[in-house]
Amino acid sequence: MRQPAEKQATLICMTPVRNEAWILERFLQCASTWADYIVIADQQSTDGSREIARRFEKVVLVDNPYEAYDEGARQRLLIDSARQLPVSGKRILIALDADEMFSANWMESPEWQQLLAAPPGTVLYFRWANIGPDVTCAWVDADYKPFGFVDDGSPHEGRPIHSPRVPVPKDAPALYFDEIKVLHYQYADWNRMRSKQRWYQVWERLNDPKKRPVTIFRQYHHMEAAIRRAGPVRPEWLAGYEALGIDMRAIPKASHYYWDEEVLKLLMEYGPERFRKLNIWDRDWTALAAQKGLAVNGTLRDPRTPFEKAVHAWLRATQGKSQTLPVRMVQKLLQVFGW
C-alpha cells in the first residue's frame with residue numbers, strides 16, 4: 001500500500017497574547033484557515049482571552065510567566081514551543097500579533113506557493129496594510145518587516161521592545177511578498193491604539209530615560225501623518241474570509257483599556273512629574289482613578305506648563321514634516337529646553 005506523501009511544510013503561527021479578547025476570535029478564525037498549529041503564549045490575560053483560545057482545535061496554549069513587558073523573552077518562548085511540535089516537511093514559523101492577519105488573497109496568490117517552497121533559513125518579509133478606524137480606510141507601509149522564517153534552528157536574538165519576531169541570521173536568504181499583506185487592525189479602534197501608544201511612551205521614559213521627548217513623540221505619533229494618505233480597504237484583503245462567514249469589520253469599543261490601567265499604576269508609583277513632557281495628558285487620569293475606586297486627591301492632574309503644552313501642539317502640527325529644515329531647526333532649539 002502506497003504511503004501518503006510527506007507534506008511540503010508545516011505552518012506554525014506564533015502569537016503573544018495579553019487581554020486581546022476584543023479581536024482574538026477573528027484572529028484565530030483567520031489563522032486557522034492556513035496554519036497547522038497556532039501557538040498562543042498568554043501573559044496573564046484577565047479578559048477571557050484564554051477561554052477564547054481554548055475553543056480552537058489548532059491552538060497550542062502556553063503560559064507566559066513573565067511579569068514585565070519583554071518582547072525578546074516571549075519570542076524565545078514562542079519559538080521554543082513551536083520547535084517542540086511534531087511536523088511533516090519543513091517548519092515554517094509565522095509570527096503575528098493578535099491584531100494581525102494575512103490578507104485573504106493568500107488563498108489564491110502565487111506568492112503562497114513561493115512561501116511553501118522557500119528553503120530552510122529563508123526570512124519572509126511582508127508589509128503591513130494598516131486598517132483605519134472602523135475598517136473604513138487603510139494605508140500600506142513602505143517598509144517590509146520579517147514576519148516569517150523557514151526554520152533551520154537558528155538562534156533568536158530579541159530585544160525587550162520593538163524586536164524582530166523571528167530569527168534574522170546575517171546574510172540569510174530573503175523572500176519579499178507584495179500581493180499578500182499583513183492586515184494590521186491596531187488602528188481600527190483609534191482610542192485603543194492611543195491608549196497603547198501612551199503606555200509605550202511611559203515605558204520608554206522609564207526604561208530609556210536619556211531618550212529625548214521629541215524622539216518619543218515622533219515615534220509614537222507616526223499614525224497621525226500616515227492616516228492622511230489612507231485609501232479604501234481593498235476588497236481582496238477581506239473577501240475570502242468573509243466568504244467563510246468571518247466578520248472582518250465589526251470593531252468592539254470600550255470606555256477604557258487595560259493599557260490605561262497600566263499607565264495609571266505607573267503614574268501613581270512614580271508621580272506625574274516624571275512624565276510631564278510626554279503626550280499622555282489627553283486622558284483624565286484623576287477620573288480614571290476615581291472610576292477604579294482610588295483616592296488620588298488631584299495629584300494626577302496634567303502637570304505641563306503652558307510652554308510644554310504649546311510644544312506638544314507644535315509637534316502634532318508638524319508630524320510627518322520632521323525632516324524639513326525649519327522643523328529640524330526648531331527641534332534643535334528645543335534641545336536647549338530639555339526636549
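Which side chain of opposite charge is nearest to the buried Arg 74? The views below come from a predicted model.

**View 1. Arg 74 is buried without a salt bridge.**
Arg 74 belongs to helix H3, which spans residues 71-83. The nearest side chain of opposite charge is Glu 71, 4.3 Å away. Leaving aside residues up to four places away in sequence, Arg 74 touches Pro 16, Asn 64, Tyr 69 and Asp 97.

**View 2. Strand S1 is enclosed.**
Nine of the nine residues of S1 are buried, so the strand is largely enclosed by the rest of the structure. In a regular strand, side chains alternate between the two faces of the sheet. In S1, Ala 9, Leu 11, Cys 13, Thr 15 and Val 17 point one way. Thr 10, Ile 12, Met 14 and Pro 16 point the other way. Both sets are buried.

**View 3. S1 pairs with strands S4 and S2.**
S1 and S4 (residues 90-95) run parallel and are joined by six bridges. Here Leu 11 stands opposite Ile 92 of S4. S1 also pairs with S2 in the parallel sense, over six bridges. In that pairing, Ile 12 stands opposite Tyr 37 of S2.

**View 4. Leu 11 sits buried in S1.**
Leu 11 is found in strand S1. Its relative accessible area is 4%. Not counting residues up to four places away in sequence, Leu 11 touches Trp 34, Ala 35, Asp 36 and Tyr 37, among others. Its contacts also include Ile 92, Trp 112, Leu 115 and Leu 116. Lys 90 lies 79 residues from Leu 11 along the chain, yet their C-alpha atoms are separated by 8.3 Å.

**View 5. Helix H1 is mostly covered.**
H1 runs over residues 24-31, and six of its eight residues are buried. Those six are Leu 24, Arg 26, Phe 27, Leu 28, Cys 30 and Ala 31. What do the buried residues of H1 pack against? Their strand partners are S1 (9-17), S2 (37-42), S3 (59-63) and S5 (100-102). They also pack against helices H2 (49-54) and H8 (235-243). Together, S1, H1 and S2 make a right-handed β-α-β unit.

**View 6. Trp 139 and Tyr 187 form a tilted aromatic pair.**
The structure holds 21 aromatic pairs. In the pair of Trp 139 and Tyr 187, the rings are 5.1 Å apart centre to centre, with 40° between the planes. Trp 139 lies in strand S8 (residues 138-140). Tyr 187 lies in the loop between strand S11 (182-184) and helix H5 (190-207). The pair therefore ties together parts that are 48 residues apart in sequence. Are Trp 139 and Tyr 187 buried or exposed? Both are buried.

**View 7. Tyr 200 and Tyr 220 form a stacked pair.**
The ring centres of Tyr 200 and Tyr 220 are 5.4 Å apart, with 20° between the planes. Tyr 200 is in helix H5, while Tyr 220 is in the loop between helix H6 (213-219) and helix H7 (222-226). The pair links distant parts of the chain, 20 residues apart. Tyr 200 is buried, with a relative accessible area of 9%. Tyr 220 is buried as well, at 2%.

**View 8. Eight aromatic residues form one cluster.**

Methods: Residues are numbered from 1 along each chain as its sequence is written. This is a predicted model: local features need pLDDT of at least 70, side-chain atom pairs count only at pLDDT 80 or more; totals for chains, interfaces and linings use all residues. Side-chain values use heavy atoms; hydrogens and water are left out. Buried means under 20% relative accessible area, exposed over 50%, partly exposed in between (1.4 Å probe, protein chains only). Helices (H or I, at least four residues) and strands (E, at least two) are DSSP runs, numbered from the N terminus. Contact means heavy atoms within 4.5 Å. Lys and Arg count as positive and Asp and Glu as negative; His and the chain ends are not counted. A salt bridge is a side-chain nitrogen of Lys or Arg within 4 Å of a carboxyl oxygen of Asp or Glu. Rings of Phe, Tyr and Trp (its six-membered ring) pair if their centres lie within 6.5 Å; planes under 30 degrees apart count as stacked, over 60 as edge-to-face and the rest as tilted. Two strands pair if DSSP finds at least two bridges between them. A crossover is right-handed if, with the strands pointing away from the viewer, the path from the first strand over the helix to the second runs clockwise.
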